[in-house]
Amino acid sequence: MSNKGRVLVAMSGGIDSTMAAVMLHEEGYEVIGITMKTWDYASSGGSKKETGCCSLDSINDAREVAVHYGFPHYILDIRSEFGDAIIDDFVSEYLAGRTPNPCVLCNTHIKWTALLKRAENLKCNFIATGHYANIRQENGRYVISKGKDQHKDQSYVLWGISQENLKKTIFPLGKYVKDEVRKMAYEYGFKELAKKSESYEICFIPENDYRGFLKNRVEGLEEKVAGGDFVLSDGTTVGKHKGYPFYTIGQRKGLEIAMGNPMYVTKIVPENNTVVIGPKEELQEHNMIVKGLNLIKYQSIESELEVLTKIRYHDPGTMSTITQKGDNIQVKFPKPVNAIAPGQSAVFYEGDDIIGGGIIQANN
Amino acid sequence: MEELFRQIINFSCNFSSLEQYTISNTKLPTITGLLPFRHITVTLVCAVIIMLALFGCRKVPKGFDKIKDASEVTLSVICMRYDNMDNTYIINEDSTYQKLLVHKNDFTSCSTYVLPEIDFANYTLIAKKTSVEGCNVKIDKNVYVNSDKKEYLYIIEVDETGDCTDLIINMNWMTLPKMEDDYELVIEVK
């Protein structure tokens with residue numbers, strides 16, 4: 001074993017995780033690559049072919065790099081864990097009128113657990129991924145902070161990882177900007193990889209069509225939920241919708257309802273299959289409750305704390321005051337924020353450091 | 001450059017052929033007699049337009065002469081980290097140049113990395129860090145000199161296209177014939 005230790009690197013076959021593996025190999029770690037097979041695209045229905053993170057091509061790309069550098073590469077079949085935990089949750093969250101974030105759930109409950117389990121079997125000291133984020137030890141805690149590349153920062157999806165799991169985690173790309181990584185891949189001779197377009201879709205949702213996925217997954221869903229009411233906040237019915245699971249908070253496009261001015265989905269009420277719509281102002285909220293708290297930087301939040309809160313992946317964040325109440329966090333925004341969607345993650349930042357995060361429960 | 005000219009000529013020829021075809025389709029016998037002359041004219045006009053489009057807009061700043069012997073220098077992206085490098089460099093000695101190696105990556109394959117050789121007896125190395133957002137970034141670099149003003153002008157023209165916001169950083173290393181001691185270097189990023 002090398003003096004830096006043995007590291008199990010999650011390799012999706014994309015440029016980031018590939019370069020993470022190459023960098024660690026170059027830094028003198030003994031690298032073992034692993035590609036997690038999470039999903040069969042054929043099961044999604046209606047998809048043309050396997051693309052992005054789950055495809056056979058991607059697995060082969062990862063293997064090719066491993067062969068080139070002479071390190072072992074394994075394929076890990078976690079379809080059943082992934083299906084049970086992530087996909088079932090994804091479907092049930094939409095049926096509960098919420099907007100889930102499967103990447104967060106996958107990191108928290110599947111990816112790290114699966115990786116660490118195999119890491120232990122393979123006698124690895126560390127696990128590594130190609131996330132653009134940093135990790136450091138401070139005051140006995142493992143603190144995740146934003147990656148150097150603010151445009152590619154992925155710290156938002158990492159809030160759920162426990163201290164125990166962070167202890168063994170390395171993010172080799174945190175100190176690089178994406179352009180550097182791409183140029184390095186090119187210089188290493190991985191020219192096709194350097195040009196590979198990024199996949200932003202959820203790997204089990206072909207072409208980002210979550211509605212199609214839900215219809216395919218839940219038999220008779222369309223018939224069950226079609227014809228519910230679009231109502232205004234005062235309860236006035238203004239039209240019929242296609243079914244509440246097919247709408248998300250803040251949605252404007254595709255409502256197919258003419259009100260003379262732009263209308264947005266402001267609330268989803270699954271109990272009576274109602275979708276509340278209203279002007280943009282009605283999307284604005286000053287408070288929210290966050291549950292399922294996982295604290296990263298501090299063990300607990302003793303008093304009110306001023307933090308930057310992100311309520312979705314590409315949200316630049318809004319200054320807020322948070323108060324911990326057991327496993328929950330009460331968040332107050334001095335200035336209103338738009339479209340707080342229950343089910344999404346709220347992540348709290350102090351500078352570049354993640355204080356913690358949780359799932360948005362209610363927006364009032 | 002030869003290839004470029006060949007493409008321009010091909011394009012012009014094809015274009016004139018098309019023109020010729022169109023004219024012959026009109027079945028006007030009086031014009032047909034003028035075709036050879038017209039063919040040459042159309043070719044020349046197209047070639048001039050294309051040349052102007054390619055080179056006409058790149059103006060040499062007034063009072064300056066382009067330094068033709070200036071050339072780009074590429075440092076390994078794998079081995080040389082530029083995040084902690086200074087924003088601007090003017091390097092005239094090899095010893096200063098070698099100090100850049102403090103930014104060398106701690107990679108196995110970089111242990112034997114050496115910087116590209118530069119003849120500092122005759123050349124100066126300059127650099128300017130640029131940071132832009134975009135998908136496809138093209139950078140055009142030229143160095144000019146104005147003997148009256150005793151000034152070098154390094155113009156870095158950044159052309160970015162696309163909707164994405166990837167952060168693209170370049171050091172824009174360039175060598176030029178040894179800079180005169182009493183000259184000033186002005187850098188413009190456009």
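Contact here means heavy atoms within 4.5 Å, and the views below all come from a predicted model.

View 1. With residues up to four places away in sequence left aside, Asn294(A) touches Trp159(A), Gly160(A), Ile161(A) and Ser162(A), together with Ile355(A), Gly356(A) and Gly357(A). A polar atom of the Asn294(A) side chain lies 2.7 Å from the backbone oxygen of Trp159(A), and a distance of 3.5 Å separates a polar atom of that side chain from the backbone oxygen of Gly160(A).

**View 2. Gln150(A) in a loop of chain A.** Gln150(A) is placed between strand 6 (141-146) and helix 5 (163-166) of chain A. Its relative accessible area is 46%, so Gln150(A) counts as partly exposed. The C-alpha atom of Gln150(A) is separated by 9.8 Å from that of Lys178(A), although the two residues are 28 residues apart along the chain.

**View 3. Strand 11 of chain A and the strands paired with it.** Strand 11, made up of residues 274-278, is mostly covered, five of its five residues being buried. Side chains in a regular strand alternate between the two faces of the sheet. In strand 11 of chain A, Thr274(A), Val276(A) and Gly278(A) point one way while Val275(A) and Ile277(A) point the other way, and all of them are buried. Strand 8 (residues 229-231) of chain A runs parallel to strand 11 of chain A and is joined to it by three bridges, with Val231(A) having Val276(A) as its bridge partner. Strand 10 (residues 264-269) of chain A, by contrast, runs antiparallel to strand 11 of chain A and is joined to it by five bridges, and here Val265(A) stands opposite Ile277(A). The hairpin formed by strand 10 and strand 11 of chain A has four residues between the strands, and in this hairpin Asn273(A) takes a positive phi near 50°.

**View 4. An open sheet of four strands in chain B.** The strands of this sheet follow the order 1-6-7-10, and their pairing is mixed. Strand 1 (65-66) and strand 10 (184-189) of chain B stand at the edges, and because each has a single partner strand, one side of each is left without a neighbour in the sheet. Strand 7 (residues 151-161) of chain B runs parallel to strand 10 of chain B, the two being joined by six bridges. Within this pair of strands, Ile156(B) stands opposite Val189(B) of strand 10.

**View 5. The interface of chain B and chain A.** The contact draws 18 residues from chain B and 20 residues from chain A, and the two chains bury about 1700 Å² between them, 49% of it on carbon and sulfur atoms. Between the chains there are 11 residue pairs in polar contact, counted with both residues at pLDDT 80 or more. Strand 8 (residues 167-170) of chain B gives the most to the side of chain B that touches chain A, contributing four residues. The residues on this side of chain B comprise seven nonpolar, six polar and five charged ones. Two salt bridges are found across the interface, and Glu180(A) forms a salt bridge with Arg81(B), their closest N and O atoms being 3.1 Å apart.

How values were computed:
Residues numbered from 1 in each chain as written. Chains lettered and ligands numbered in written order. Predicted model: local features only at pLDDT ≥ 70, side-chain atom pairs only at ≥ 80, totals over all residues. Heavy atoms only, no water. Buried area = accessible area lost by both parts, 1.4 Å probe. Salt bridge = Lys/Arg side-chain N within 4 Å of Asp/Glu carboxyl O. Polar contact = N/O pair within 3.5 Å; in protein donor to acceptor, adjacent residues only side chain to side chain. Nonpolar A, V, L, I, M, F, W, Y, C, P; charged D, E, K, R; others polar. Pairing = 2+ DSSP bridges. Buried < 20%, exposed > 50% of the residue type's maximum accessible area, 1.4 Å probe, protein only.
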